[in-house]
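Hi,

Here is the structure I promised to pass on. My notes on what turned up in it follow just below.

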Amino acid sequence: MAKFNENYLNLKESYLFSEIAKRVSAFEKAEPDKRIIRLGIGDVTLPLSGRVIESLHSAVDEMSKADTFKGYGPEQGYDFLRNAIKDYYKRNGVELDADEIFVSDGAKSDTGNITDLFSVDNTVLIPDPVYPVYVDTNTMNGRKIIYMDATADNGFLPMPDPNIHADMIYLCSPNNPTGAVYNKEQLEQWVEYALANDAVILFDSAYESFIQDKSLPRSIYAIKDAKKCAIEFCSLSKTAGFTGTRCGYTIVPKAITQKASNGSEMSLNKMWNRRQTTKFNGVPYIVQRGAAAVFTEEGMKEAQAMISIYRENAKIISDTMDRLGIRYFGGVNSPYIWFECPFGMESWDFFDKMLNEIQVVGTPGAGFGANGNNFFRLTSFNNKENTAEAMERFETLFK
Ligand code: MLT
């Protein structure tokens with residue numbers, strides 16, 4: 001009998017967003033006439049922009065003709081897209097080589113897949129609360145996880161503790177779920193800590209395009225020496241509405257190297273290339289053409305126009321919290337509003353109350369870790385009408 005991976009026994013029975021979907025669908029069956037408004041999973045609602053659609057259409061046409069048809073593409077991504085991403089970073093003041101950029105089907109897969117490159121003996125440092133993928137994938141591999149407390153007291157931005165050693169560190173900024181964003185000085189401390197501990201930072205910047213405050217770093221590579229110790233994951237899901245289209249990218253700098261126990265030189269960039277060429281056949285050509293359009297001047301303007309609409313929704317939510325005197329975080333440089341559950345409730349109870357009484361779906365903070373137990377997350381990704389109606393319904397809970 002093959003032995004199953006018993007680390008799976010240490011996971012919660014279902015992934016956070018599957019559990020939410022299950023509860024919502026049970027409610028829908030029981031109460032088919034009630035209109036539910038979804039501010040739960042961070043899924044976008046605006047359609048892809050004009051430039052992206054144009055580019056997708058013309059790529060489809062290319063696939064219809066023998067002389068422009070494409071079969072397998074480079075596993076790492078087509079040069080046109082890797083160079084477009086490289087230029088995007090350059091415009092934001094970061095120099096990368098195109099072969100440090102790996103195009104993928106999204107940051108979720110890559111933040112999980114990257115664990116292939118690291119020994120199971122490593123100790124992993126993960127904030128609590130956090131995007132559950134980091135915890136679940138390391139649990140699947142059986143790695144030791146040390147949690148660092150992200151609380152209202154530290155603005156949900158935990159800082160390194162020199163008394164704790166870690167080998168792998170997950171940071172997400174702007175943060176999912178709290179919306180908190182590290183500043184330059186804070187990230188400098190993290191880079192310093194990683195270098196002192198020979199650790200690697202796994203930096204998730206999927207929400208970078210929501211940063212409005214120009215002093216806040218949009219990439220870990222805005223920090224000196226970060227290329228020696230950090231891998232960055234990003235995605236077009238939230239930047240340009242690609243949640244269903246699937247395209248992201250991971251930066252694995254060539255400078256992160258190590259001497260193996262047999263004395264040979266190991267490079268994370270080469271290892272990731274080896275992994276991807278073995279286990280991944282690349283993102284579809286059509287999707288990569290659509291993605292490349294995002295990085296054009298017009299494409300960027302369109303993407304920013306979409307983000308402004310989501311920002312207005314975030315404002316509708318945060319204004320409501322202000323009116324009700326509820327303490328919240330995020331919503332300015334992030335699409336998420338993270339607030340303290342009213343009535344002293346725990347987050348899953350508040351989730352059920354919202355669903356049953358006002359038919360608004362959010363995400364219970366406990367799903368992101370124990371420190372989220374009394375917090376709740378709403379997203380700004382629905383449309384304006386629904387967001388406004390959800391907030392009107394929300395206010396009725398207090399009457
Ligand atoms: C979320 O709601 O936390 C995100 O949509 C999850 C994701 O990006 O995979």
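Let me start with the ligand: its surroundings are F17, I41, G42, Y131, N176, Y207, K238, Y336 and R377, where a residue counts as near if one of its heavy atoms lies within 4 Å. Please keep in mind that this is a predicted model, in which local features need pLDDT of at least 70, side-chain atom pairs count only at pLDDT 80 or more, and totals for chains, interfaces and linings use all residues. Residues are numbered from 1 along each chain as its sequence is written, and side-chain values use heavy atoms, with hydrogens and water left out.

By class, this shell has five nonpolar, two polar and two charged residues (Ala, Val, Leu, Ile, Met, Phe, Trp, Tyr, Cys and Pro count as nonpolar, Asp, Glu, Lys and Arg as charged, and the others, Gly among them, as polar). The ligand lies between domain 1 (15-44 + 299-396) and domain 2 (50-295), because both give residues to the shell; the bounds come from an automatic or database domain assignment.

An oxygen atom of the ligand is 2.5 Å from a side-chain N or O atom of Y131. For N176, the corresponding distance to a ligand oxygen is 2.8 Å, and for a polar side-chain atom of K238 it is 2.9 Å. Of the 270 Å² of accessible area that the ligand has on its own, the protein covers 84% (Shrake-Rupley method, 1.4 Å probe).

Elsewhere, strand β2 (residues 101-104) pairs with strand β8 (residues 248-251) in the antiparallel sense over four bridges; pairing takes at least two DSSP bridges, and strands are DSSP E runs of at least two residues, numbered from the N terminus. V103 has Y249 as its bridge partner in β8.

Best wishes

How values were computed
Polar contact = N/O pair within 3.5 Å; in protein donor to acceptor, adjacent residues only side chain to side chain.
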